[in-house]
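Okay, thanks everyone, I'll keep this short. Let me put the structure up and then we can walk through it.

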Amino acid sequence: MARITRAEVERVALLARLSLSEQEALRFARELDSFLDYMDQLAAIDTRDVGALAQPLVLATPSRGDDPAAAMDPGLVVANAPASAGSAFVVPKVVESEAEG
């Protein structure tokens, strides 16, 4: 017996503003029903002795020290820039102000 009907698929499609043909609605109803069957299989597995896991493998998280370093020379930072003014990058204007607009 199907737990997901074509009418339910069509209702969800309507709410999601999707256009489905009758064949698509029937196919999705069958596929969603098979997902529920699979979930029933998973629910039948005895997991009483299995602890909660965030992930199945314990992985070390490498980290580096947070050691401050000297700041770069501003002249070196903009040395290869196509355009600069002092220690700042010069870039094309991308946003107009309301007064200009």
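Predicted model: local features only at pLDDT ≥ 70, side-chain atom pairs only at ≥ 80, totals over all residues.

Mean pLDDT for the protein chain is 89, and 97% of its residues reach 70 or more.

Now the charges. There are 5 salt bridges in the structure. One of them pairs Arg-3 with Asp-37, at 2.9 Å from N to O. That one links distant parts of the chain: Arg-3 sits in the segment before helix 1, Asp-37 is in helix 2, and they're 34 residues apart.

Asp-33 is buried but has no salt bridge, and Arg-3 is the nearest side chain of opposite charge, 4.0 Å away. What does the side chain of Asp-33 reach at 2.8 Å? The backbone nitrogen of Arg-3.

Staying in helix 2, Arg-27 and Glu-31 are 4 residues apart, about one turn, and their side chains form a salt bridge at 3.3 Å. Then there's Asp-46 with Arg-48, closest N and O atoms 2.9 Å apart. Arg-48 is exposed at 72% relative accessibility, whereas Asp-46 counts as partly exposed at 49%. And salt bridges with shared partners tie Arg-3, Asp-37 and Asp-40 into one network.

Last thing, the surface. Met-72, Leu-76, Val-77, Phe-89 and Val-91 make a nonpolar patch of about 550 Å². Met-72 is in the loop between helix 2 and helix 3, and it's exposed, at 61% relative accessible area.

Definitions and conventions: Residues numbered from 1 in each chain as written. Heavy atoms only, no water. Patch = residues over 30% accessible without salt bridge, like charges linked within 9 Å, V, L, I, M, F, W, Y side chains within 5 Å. Areas by Shrake-Rupley, 256 points an atom, 1.4 Å probe, with all protein chains shown as cover. Helix = DSSP H or I, 4+ residues; strand = E, 2+ residues; numbered from the N terminus. Buried < 20%, exposed > 50% of the residue type's maximum accessible area, 1.4 Å probe, protein only. Lys, Arg positive; Asp, Glu negative; His and termini not counted. Polar contact = N/O pair within 3.5 Å; in protein donor to acceptor, adjacent residues only side chain to side chain. pLDDT = per-residue confidence, 0-100.
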